[in-house]
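Hi there,

Here is the structure I promised to pass on. Have a look at it first, and my notes follow below.

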Amino acid sequence: MSTPTIVLVHGAFGDASSWRRVYDHLARDGHTVLAPSNPLRGLPYDASYTESVIDQLDGPVVLVGHSYGGAVITVAGSSDKVAGLVYVAGIVPDEGESVNDLQGRFPSLAMGPLVQPMQLPDGSVEVSIDPTRFPDVFAADLPADDAAFRAISQRSVAATAFDDAAAAAAWREKPSWAVFGTGDLPVAPQLHRFSYDRAGSKVTEVDGASHLVMLSQPEIVAGVIREAVTAVTPSAVA
């Protein structure tokens with residue numbers, strides 16, 4: 001039987017290196033893992049790009065998304081190759097919902113303005129997080145030097161991405177798992193609980209962990225992903 005490929009989709013303001021510690025755990029177990037770069041150009045584009053990555057793979061896929069990457073896998077997960085979804089502090093819209101629709105139900109616990117816009121030469125706008133606030137809000141449980149570097153190495157995201165409505169909700173058809181930290185400030189724990197309950201996800205809460213739970217608690221996150229892979233891998237028949 002074919003063991004699923006694990007595809008790790010990072011969120012806004014980060015890059016694929018945010019999965020390195022989780023990858024180390026999964027690779028040691030012999031799992032096939034891919035961590036493509038999420039373009040961060042808007043939900044339709046990012047989901048389409050992720051689908052194109054999936055299309056190139058042989059066999060089934062377990063799709064993993066962090067934060068905004070959760071919205072991406074919610075849409076891209078409709079691919080017939082996707083056997084299961086894992087949300088890592090991930091946002092889980094229903095069809096027709098946007099990230100901002102969900103954030104409006106349960107606002108961020110981070111106080112004060114965080115987002116910094118930047119206008120590009122073509123007239124479009126990208127946003128990033130104020131680097132002076134990034135460590136405390138996004139990465140309070142990471143070593144200070146690691147949090148500081150991630151603050152100044154952010155990848156900005158198209159300003160419209162959080163208003164893009166999800167064209168599909170793969171969790172309605174696919175099994176899902178979720179893991180998040182109770183110390184998450186950018187995405188309130190109440191929003192995580194609402195979303196994962198609605199999706200019927202099997203949930204793991206990590207006491208006190210930040211929004212970057214995959215960096216601060218990689219063993220736990222890797223364990224949830226392993227559980228998903230095991231659950232969707234058919235047992236060999238003698």
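Let me start with Leu-40, which counts as buried at 0% relative accessibility (buried is under 20% relative accessible area, exposed over 50%, partly exposed in between, with a 1.4 Å probe and protein chains only). Leu-40 sits in the loop between strand E2 (33-34) and H2; helices (H or I, at least four residues) and strands (E, at least two) are DSSP runs, numbered from the N terminus. Its phi is near 60°, a positive value in a residue other than glycine.

Before going on, a word on the source: this is a predicted model, where local features need pLDDT of at least 70 and side-chain atom pairs count only at pLDDT 80 or more, while totals for chains, interfaces and linings use all residues. Residues are numbered from 1 along each chain as its sequence is written, and side-chain values use heavy atoms, with hydrogens and water left out.

Phe-13 also has a positive phi, near 70°, and is likewise a residue other than glycine. You will find Phe-13 in the loop between strand E1 (5-9) and H1, and it is buried at 10% relative accessibility.

Next, Thr-50, which belongs to helix H2 (residues 43-55). Thr-50 is buried, at 4% relative accessible area. A polar atom of its side chain lies 2.9 Å from the backbone oxygen of Asp-46. Beyond neighbours within four places in sequence, Thr-50 is in contact (heavy atoms within 4.5 Å) with Val-9, Leu-63, Val-72 and Ala-76.

Arg-150, in helix H6 (residues 144-152), is buried too, at 16% relative accessibility. With neighbours within four places in sequence set aside, its contacts are Ser-17, Ser-18, Phe-134, Leu-142, Leu-212 and Leu-215. From Arg-150 to Tyr-87 there are 63 residues in sequence and 21 Å in space, C-alpha to C-alpha.

Finally, a helix pair. H1 (residues 20-28) and H9 (residues 218-232) pack at about 55°, with their axes 9 Å apart; axes are lines fitted to C-alpha atoms, for helices over the stretch in contact, and angles run from 0 to 180 degrees between N-to-C directions. That makes H1 oblique to H9 (under 35 degrees is roughly parallel, over 145 roughly antiparallel, 65 to 115 roughly perpendicular, the rest oblique). On the H1 side the contact is made by Arg-21, Val-22, His-25 and Leu-26, and on the H9 side by Pro-218, Glu-219, Val-221, Ala-222, Ile-225 and Arg-226.

Best wishes

Notes:
A polar contact is a pair of N or O atoms within 3.5 Å; within protein, one must be able to donate a hydrogen and the other to accept it, and residues adjacent in sequence count only if both atoms are side-chain atoms.
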